[in-house]
Amino acid sequence: MLSGTKTRVDHAFAARDAGAWQRYSAGPGARCERYHGWAWIGLDGEWLLARRSISAPSEVACYRCWAPRPVGLPELVRVAGARWRMRVMACP
């Protein structure tokens, strides 16, 4: 719910003005840095985060984020980009 009204997440981000979108890299890819347009909406200790393609702005992916402390957009982008990394865990 945004402003007390049920709202689809894609509609909420479509209503954002062009200045709400900022260009950040989500980290290195296989060939180069992975730059996208990013926007966020704060929701009482949580955030909605959206990533859109630079070359095809209609392609948008959304994330629901939570953190134990206030964080900035660059940190949310860094963590969202880290989801592609593999984790190696030691087995007992």
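With which residue does Arg-8 form a salt bridge? The partner is Asp-10, and the closest N and O atoms are 2.6 Å apart. A salt bridge is defined here as a side-chain nitrogen of Lys or Arg within 4 Å of a carboxyl oxygen of Asp or Glu. The structure holds four salt bridges.

The model is predicted: local features need pLDDT of at least 70, side-chain atom pairs count only at pLDDT 80 or more, and totals for chains, interfaces and linings use all residues. Residues are numbered from 1 along each chain as its sequence is written, and side-chain values use heavy atoms, with hydrogens and water left out.

Accessibility was computed for the partners. Residues are called buried under 20% relative accessible area, exposed over 50%, and partly exposed in between (1.4 Å probe, protein chains only). Arg-8 is exposed, at 52%. Asp-10 is partly exposed, at 36%.

Glu-75 forms a salt bridge with Arg-69, with the closest N and O atoms 3.0 Å apart. Glu-75 also pairs with Arg-78, where the corresponding separation is 3.8 Å. Arg-78 and Glu-75 both lie in helix H2, which spans residues 73-81. They are three residues apart, about one turn of the helix. Helices (H or I, at least four residues) are DSSP runs, numbered from the N terminus. Through shared partners, salt bridges join Arg-69, Glu-75 and Arg-78 into one network.

Glu-75 is partly exposed, with a relative accessible area of 25%. Arg-69 is partly exposed at 45%. Arg-78 is partly exposed at 48%.

Key: Helix = DSSP H or I, 4+ residues; strand = E, 2+ residues; numbered from the N terminus.
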